[in-house]
Amino acid sequence: MTRALPAFWLVFLLSIPLWLQDQYLLHILIITGIFIIAAMSLNLLLGYTGQLSLGHVAFFGIGAYASALTTLGFDIELFGFRVVHHTWPALVGLLVGMIVAGLSGYVIGRLSFKVRGAYFVIVTVSFAEVVHLVALNWVELTQGPMALNNIRPLTLSIPFLVDISFAHKPASYYLVLTVALVSYVLIGRLVRSRAGRAMVALRENEPLAASVGVDVTRYLVLATVLSASIAGAAGVLYAHYVRIVDPDIFLFIYTVIMVIMVISGGKGTLAGPIVGGLLFGLLPEVLRAFAIKPEVEWVIYGILMVLIVYFLPEGIVPAVRSGWLAMVRSASWRKAPRLMR
């Protein structure tokens, strides 16, 4: 039954656009899925290496801007030279966004993992703010507060074989679901590998891990690069779905949303960001149907968040797992013969 459960959920997720007629709810699922992907990338850093990145939204925004500029093209003057880039296919923008975000993660990792704890948090927050200011003030490239708009939707085109446009919501839903599944499998394979075990060892006891030969900087940078690339992919999906990108994409509140999804769902678990993302992504829409005023909605949202963190400090997924194991042990104990007790 345990093995059949993932297949059941996969079939259920694949069937949603077939029976969900409300396009607004499908839009909410798409946006929630994009932020779940970003939360999964943050969980790789926070949950498996123990490094809190409060500037994670920078990689999200870098992926969005890199892909948008690749797709739209630009004509700027840089250090006295004219730089012209013509439009490229949107799918190339996806790759460029991931690569640029990954390279940014590499640079930040190499620079900031010489420090730990609060210093690393300060470095990541500062990096996010610097990128935000660049996007806001480099008007010639980013259009500043006027935003990059008319971004083309992602397309998958192979001559004489396939030509798929992700301009409509059902197609966008399946695209986001595919990227989420690939990210889930990739992170799962990594954390179960030798590199993943080294990351967990660094999280539990970094001096002890270093003493037995674990290359601290190497594995932390690896986690940062992969995490940044996945966050960049989420940013690309966001940019090509909403088709407009402005400097507000770097706002600190988006990092807070990712952290809440990871912590509430259960950091250091593969399913944690998914559960936390679904809960805090869909909960505002549920509350909106009952709340008289928007202020009441946010008060209830905050109270529920505090209750979950207070009563389930490990997160929802670890709490459910512990409860299920306790029930199984209790049932086995009752069924065991008295002489075996």
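The model is a predicted one. Its largest nonpolar core has 80 residues. Helix 10 gives the largest share of that core, 15 residues. The structure also holds two salt bridges.

**Nonpolar cores**

- In the largest nonpolar core, five residues touch the most other members: Ile34, Ile37, Phe60, Leu237 and Ile249.
- Eight helices each supply at least two residues of this core: helix 2 (23-46), helix 3 (57-72), helix 4 (90-112), helix 5 (118-137), helix 7 (169-191), helix 8 (194-204), helix 10 (216-242) and helix 11 (252-265).
- The largest share, 15 residues, comes from helix 10.
- Neighbours within four places in sequence aside, Ile34 is in contact with Phe60, Val176, Ala234, Leu237 and Tyr238.
- Another core lies apart from it and has seven residues, including Ile260, Phe280, Leu287 and Tyr301.

**Helix 7**

- Helix 7 has 23 residues, so at 1.5 Å a residue it should span 33 Å. Its end C-alpha atoms are 32 Å apart, which agrees.
- The buried residues of helix 7 include Tyr173, Leu175, Val176, Leu177 and Val179. Ser172, Ser183 and Gly188 are also among them.
- Cover for these buried residues comes from elements including helix 1 (4-19), helix 2, helix 8 and helix 10.

**Helix 10**

- The 27 residues of helix 10 reach 39 Å from first C-alpha to last, close to the 39 Å expected at 1.5 Å a residue.
- Helix 10 is mostly covered, with 22 of its 27 residues buried.

**Salt bridges**

- Side chains of opposite charge can pair when their charged atoms come close.
- Asp75 forms a salt bridge with Arg82, and their closest N and O atoms are 2.5 Å apart.
- Asp75 has a relative accessible area of 38%, so it is partly exposed. Arg82 is exposed, at 64%.
- Arg203 forms a salt bridge with Glu204, and their closest N and O atoms are 2.7 Å apart.
- Arg203 counts as partly exposed because its relative accessibility is 31%. Glu204, at 55%, counts as exposed.

Methods
Residues are numbered from 1 along each chain as its sequence is written. This is a predicted model: local features need pLDDT of at least 70, side-chain atom pairs count only at pLDDT 80 or more; totals for chains, interfaces and linings use all residues. Side-chain values use heavy atoms; hydrogens and water are left out. A nonpolar core is a set of buried Ala, Val, Leu, Ile, Met, Phe, Trp, Tyr and Cys residues joined through side-chain atoms within 4.5 Å. Buried means under 20% relative accessible area, exposed over 50%, partly exposed in between (1.4 Å probe, protein chains only). Helices (H or I, at least four residues) and strands (E, at least two) are DSSP runs, numbered from the N terminus. Contact means heavy atoms within 4.5 Å. The expected span of a helix is 1.5 Å times one less than its number of residues. A salt bridge is a side-chain nitrogen of Lys or Arg within 4 Å of a carboxyl oxygen of Asp or Glu.
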